[in-house]
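Please read it alongside the sequence and the structure shown here.

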Amino acid sequence: MTDASTDVLIVGAGPTGLTLALDLARRGTAVRIVDRSPAHPRTSRAKGPNPRSLEILADLGVADEVLAAGSAPLPMRVYRDHRPVAETDPWADATPTPAPAPAPATRFDRPWLIAQWRLEEILRARLAGHGVHVELGREVVGLADEAGGRHVDVTFAEGGAERARYVVGCDGAHSSVRRLLGITFDGTTAEDQVMVTGDVELAHEDLGRDRWHQWFDEDGAVMLCPIPGTRTGWWFQAGPERDEEGRPLAPTLDGFRRLFTRHTGLPGHHLTRAELLSTYRVNVRMADRYRVGQVLLAGDAAHVHAIAGGLGMNTGIQDAFNLGWKLGHVLAGQADTGLLDTYEEERLPVAAWTLDLTSDRLRATLEAIREPGGNLGSAMTPETAGLGIGYRWSSLAGTEAGTEAGTKATTASGAPLAGDRAPDAPCRDAATGERTHLYGTFAGPHTTVLGFGPTSASVLGEVTAYGAGVRACRVYAAHEDPGTPQPGAVVDDQGHAAAAYGIGAGGSGLVVVRPDHHVGVVAPAGDPGSVREYLRRMHGAPGMVDAVR
């Protein structure tokens with residue numbers, strides 16, 4: 001067997017694996033992605049990306065297509081004893097998350113409804129544009145981490161073995177990769193918390209497709225949410241039928257019809273088709289490690305939790321975005337393999353926090369729906385948007401240890417600290433005058449250095465020595481004359497960017513933003529030593545051959 005020609009082999013082609021593959025492919029990484037399924041699934045499953053995942057999808061160049069293919073989250077109509085008793089819209093007052101000034105810190109103020117199969121289809125098409133295609137019907141049954149850590153030998157069920165420098169298991173809760181590594185998946189399964197789900201077609205025009213209909217009764221529940229992009233398709237969720245001993249029955253079309261009639265009062269034959277039927281039990285589990293040598297885990301392979309809050313797919317997408325740039329830097333020789341240890345260091349605490357959050361939201365929702373008018377909106381909180389997740393405890397942040405995942409303390413100025421998600425802000429392109437935003441500058445496989453004030457110019461000039469791997473962005477205040485600006489410069493014409501980053505009127509400063517939109521360093525423009533050191537740590541010495549292609 002020859003040395004590995006594949007840099008990264010991704011096992012599992014759901015949203016997590018596809019996000020990672022796309023992020024690596026645009027870096028010029030030799031990536032392959034395999035899945036044991038014989039065909040691409042058509043299951044709807046997850047209802048769509050939250051605001052943080054939408055930011056990631058925008059960076060990958062697919063957010064506009066996702067928005068066009070899906071729909072905004074719908075108001076909820078709640079019924080009791082067949083009658084509507086309440087109507088609520090958890091997102092009615094949503095606006096882009098406020099920065100320290102009244103400015104939008106993100107372009108996305110709400111999650112988005114889209115069937116998982118459609119999201120995967122969009123990601124696969126974008127990945128194919130980089131010449132990478134999902135290899136179906138390939139089940140991994142063996143892994144051997146070669147002595148010295150130069151590569152991993154991978155054995156497939158259909159025969160043969162192949163070699164990759166790294167393997168990432170994105171193969172779900174029943175991960176073969178995790179099992180082959182011997183990683184424990186500790187936690188609990190709530191056998192009494194059961195739900196049957198499926199995609200159904202409904203021939204009943206009285207149920208408007210502009211609402212998420214929810215029937216909660218003393219003896220059970222049915223929830224119907226229209227699937228965007230379909231004419232008669234709906235997500236069906238319900239408490240299961242049970243046998244005489246109280247055990248849940250497997251879902252069937254006839255069973256769905258009986259549940260539909262019992263709770264809605266409508267004729268069961270209006271439910272014309274049911275497919276992708278499954279039984280969901282609440283599992284709360286996580287891996288004790290995310291990495292063994294050259295093999296790593298991401299998404300449901302590393303953690304599963306209660307469905308409340310819709311964080312399953314989203315946490316996986318965010319795992320992948322954290323891991324992608326780190327693998328890219330290591331493979332390009334810009335960082336040693338220790339950088340990969342920060343993936344577990346940063347994301348494992350986030351998984352633990354997510355398990356706690358979703359369990360709490362499930363308890364709150366189960367309590368809410370006991371009362372007439374209670375609904376699934378109880379599962380949604382500002383935390384479920386994903387925008388507050390940061391890594392202040394990380395060794396990459398260089399700040400005080402002990403900050404808990406999911407929390408974001410504020411500084412006196414309200415400015416982000418190292419490890420925090422970098423806020424977005426509206427601005428103008430300094431060269432063209434067109435409206436833009438900071439995340440447009442961040443987008444792509446590079447680190448960004450923001451420079452506020454004239455004294456930042458000399459340091460930004462040094463950044464050009466790193467080539468395409470690091471992008472300089474001079475942020476001009478409204479009163480400054482940009483003259484002939486460097487490419488990528490913006491004008492903070494409304495002062496939102498300066499406010500978001502704690503830069504006072506007429507002030508200056510430097511901010512390094514990692515490729516995954518998290519702050520690496522905040523420094524005074526007149527004391528850029530920490531910026532230079534951070535860039536050397538992440539990208540090697542200035543003037544290195546840039547591996548970002």
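## Sheet and cavities

Gly-198 stands opposite Phe-236 of strand 12. The model is predicted, so local features need pLDDT of at least 70 and side-chain atom pairs count only at pLDDT 80 or more, while totals for chains, interfaces and linings use all residues. Residues are numbered from 1 along each chain as its sequence is written, and side-chain values use heavy atoms, with hydrogens and water left out.

Strand 9 (residues 185-202) and strand 12 (residues 233-238) pair in the antiparallel sense over six bridges; strands pair if DSSP finds at least two bridges between them. Helices (H or I, at least four residues) and strands (E, at least two) are DSSP runs numbered from the N terminus. The open sheet has eight strands in the order 4-3-10-11-12-9-13-16, with mixed pairing. Strand 4 (83-88) and strand 16 (303-304) are at the edges with a single partner strand each, so one side of each has no neighbour in the sheet.

Helix 6 (residues 253-264) packs on the sheet and touches strand 9, strand 10 (212-217), strand 11 (220-226), strand 12 and strand 13 (271-287). Its direction makes about 90 degrees with that of strand 13. Helix 8 (residues 341-368) lies across strand 9, strand 13 and strand 16, at about 125 degrees to strand 13. Contact means heavy atoms within 4.5 Å; axes are lines fitted to C-alpha atoms, for helices over the stretch in contact, and angles run from 0 to 180 degrees between N-to-C directions.

A search of the whole structure gives five cavities of 30 Å³ or more. A cavity is a set of points on a 1 Å grid over the protein atoms alone where a 1.4 Å probe fits but cannot get out, and lining residues have an atom within 4 Å of a point. Points are joined across faces, edges and corners, and the volume is the space filled by probe spheres set on them.

| Cavity | Volume | Lining by class |
|---|---|---|
| Largest | about 90 Å³ | four nonpolar, four polar, four charged residues |

The lining of the largest cavity includes Arg-52, Arg-347, Arg-421 and Asp-516. Helix 7 gives its largest share, three residues. For the second largest cavity, the lining residues include Trp-353 and Glu-383, and helix 8 gives the most, with four residues.

Terms used: On a 1 Å grid over the protein atoms alone, a cavity is a set of points where a 1.4 Å probe fits but cannot get out, and a pocket is an open set with protein on both sides within 12 Å along at least five of seven lines; lining residues have an atom within 4 Å of a point. Ala, Val, Leu, Ile, Met, Phe, Trp, Tyr, Cys and Pro count as nonpolar, Asp, Glu, Lys and Arg as charged, and the others, Gly among them, as polar.
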